[in-house]
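Visitor: I'm new to this one. Could you walk me through reading its helices?

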Amino acid sequence: MSDALLKIKGMSHYFGGLKAVSNFDFEVPEGVIYGLIGPNGSGKTTTFNLITGIYTPTEGSITFDGSEIKGMKPYKIVHRGIARTFQNLRIFSNLSVIDNIRVARHFTVRSSLASSLLRLPGFKAEEKAIRQEAMHLLEIMHLEDRSEEKAKNLPYGELRRLEIARALATRPKLVLLDEPAAGMNPKEVADLMELIVRVRNEFKVTVFLIEHHMKVVMGICERIKVIDFGETIAEGLPEAVGKDPKVLEAYLGKRGA
Amino acid sequence: MGNLKLPRMLIATAAFWAVVSILNATGILNGYFMIIINRSLIFVILAVSLNLINGITGQFSLGHMGFAAVGAYVSGSITTLIFKLSPDTLAGNGIFVVAIVIGGLAAGFVGFLIGFPSLRLKGDYLAIMTLGFGEIIRTILNNIDAVGGPRGLLGIPKFSNFTVIVAFAFLTIAILRNLVQSSHGRAMLSIRENELAAELAGVDTTRYKVLGFIIGAFFAGVAGGLLAHLLQIAHPTQYGFYASALVLIMVYAGGMGSLTGSVIAAFTLTFLTEGLRVGIDWLKDTVGLPVGTEWTMVIYAILLILIMLFRTEGLMGMREAKILIIAEETK
């Protein structure tokens, strides 16, 4: 499995004396939809924060696309090809919907500051290209009619899609989705599942998601890892994991308890 | 067709210039009013540049006049101490413009120095640090004899006139408008909106926060240079906390993030300051009340409280006048 896109070895992280993540090993193969599940407080979001560089792991290594990314600044990790969404939305509320996307295209901009201030032809061509690409993403997310609207005026479900679009705008190889179905109604969840599969196929990305919603995880994830209290308790294909007694115990409690 | 938008702003500025010049030539606007208008325009530059730091990049600077002081003293030293220029010569005017830009660059460099440590600070802490910075600059200037110490830098030639100031104000607004409505500007806005999300959308937040400070400080330095060459003096007391707070109130009153709002507020509050000065003098001399000009600050404090209570987003909120919005080619 040396061709895994994301490889984590022996990763641990402590908050003071609290062990948030303990000795994690991960291999996310390229092109799959990988699910990380576990009860509240089990270290899922911490894992995402460690991968994206918000925290630096106390121990262990994180290899992405063949190179070590542990200790890199978050924005540099984004440049390498990892994008994410947040459990609690982090939208640029006072910017327009299209500007939310365009921010994520910013780091590839070649136009110098001077060229931008003088609005030289090269700058204009680049801005136009960014705009077209952003509109294309909005069309895929069915948000094209909202492009000029302030993001804060969008309903919750659309904001979730906007955040996924913003993540995709960084042209990632790996997309981390932190509870994408949180707060959605069943119809929205069904649409989301379809969307995630479509995104994976169309953008040729690897998807790594955290989810509570068992239907989502069992429905679309091709590989699953279950953690509890910072430790791995099960890993493998959805069918096998779904029947694992340790998983059932972590999620549903002991039989008869 | 986007090319037509810049001239539209140019036309509006030229029209403003022409009307004021004609009114001045015909004697309807006397020298006294021209001074207030010139001051207003300089405060326009100060307010829009502070808005870049506070309103657009979402940082907080309470020491904006410190940058202006750097520009004033550097450009004033060049024109007065080094070259002893006269406004009568063409070459003198050329060097004056260069001196203003050098003053701006010096202020920008100080902005860079201030920007770096400030990155680790947020909110109140950043405010206190920039407040301290402004006072440090003022104290240093108070103690350098070469630039006059507490007497101030005297005998600066009067290079700043209405035309020059309008031109600089126009360029400042145009450049900041172009910045905000570019990819670089959007990176700055995203920091204001949500710093973590900006970082994870690939924005080098450190770089853009420092860049905001540098550009904002540059234009503050330009404004300081213009002010020194208008009043023919650069004095440490002109650049203290009082003046920085006035610029800050302009930014809040106009609307954080709205260049239009800053322009309107700079004009309104500069005229209001002068009106209050006249009014307070009248109260003191004619009515005999024991009040002084420092009471203007009391009124501004009340004004700021009222804005915070009843119109938190300021006059314009984050909106811009049509003239400042660049139409995009959507197809």
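Visitor: Which residues of α5(A) are buried?

Guide: A residue is buried if 20 or more other C-beta atoms lie within 10 Å of its own, exposed if 12 or fewer, and partly exposed in between, with C-beta atoms placed from the backbone. In α5(A), the buried ones are A:Phe123, A:Glu126, A:Glu127, A:Ile130, A:Ala134, A:Leu137 and A:Leu138. This is a predicted model, so local features need pLDDT of at least 70 and side-chain atom pairs count only at pLDDT 80 or more, while totals for chains, interfaces and linings use all residues. Residues are numbered from 1 along each chain as its sequence is written, and chains are lettered from A and ligands numbered from 1 in the order in which they are written.

Visitor: What covers the buried residues of α5(A)?

Guide: Contact means that two residues have their C-beta atoms, placed from the backbone, within 7 Å. Helices are DSSP runs of H or I, at least four residues, numbered from the N terminus. The cover includes α3, α4 and α6 of chain A, together with α7 of chain B.

Visitor: How many residues does each chain bring to the contact between them?

Guide: Chain A gives 28 residues and chain B gives 24. On the chain A side, α2, α3, α4 and α5 each supply at least two residues.

Visitor: How do I read two helices packing, say α3(B) and α5(B)?

Guide: Axes are lines fitted to C-alpha atoms, for helices over the stretch in contact, and angles run from 0 to 180 degrees between N-to-C directions. α3(B) and α5(B) pack at about 30°, with their axes 8 Å apart. That makes α3(B) roughly parallel to α5(B) (angles under 35 degrees count as such). Among the residues that meet are B:Met65 and B:Tyr73 in α3(B), and B:Phe133 and B:Leu141 in α5(B).

Visitor: And α9(B): how many of its residues are buried?

Guide: 24 of the 27 are, so α9(B) is largely enclosed by the rest of the structure. After α9(B) comes B:Gln232, with a positive phi near 65°.

Technical notes: Angles under 35 degrees count as roughly parallel, over 145 as roughly antiparallel, 65 to 115 as roughly perpendicular and the rest as oblique.
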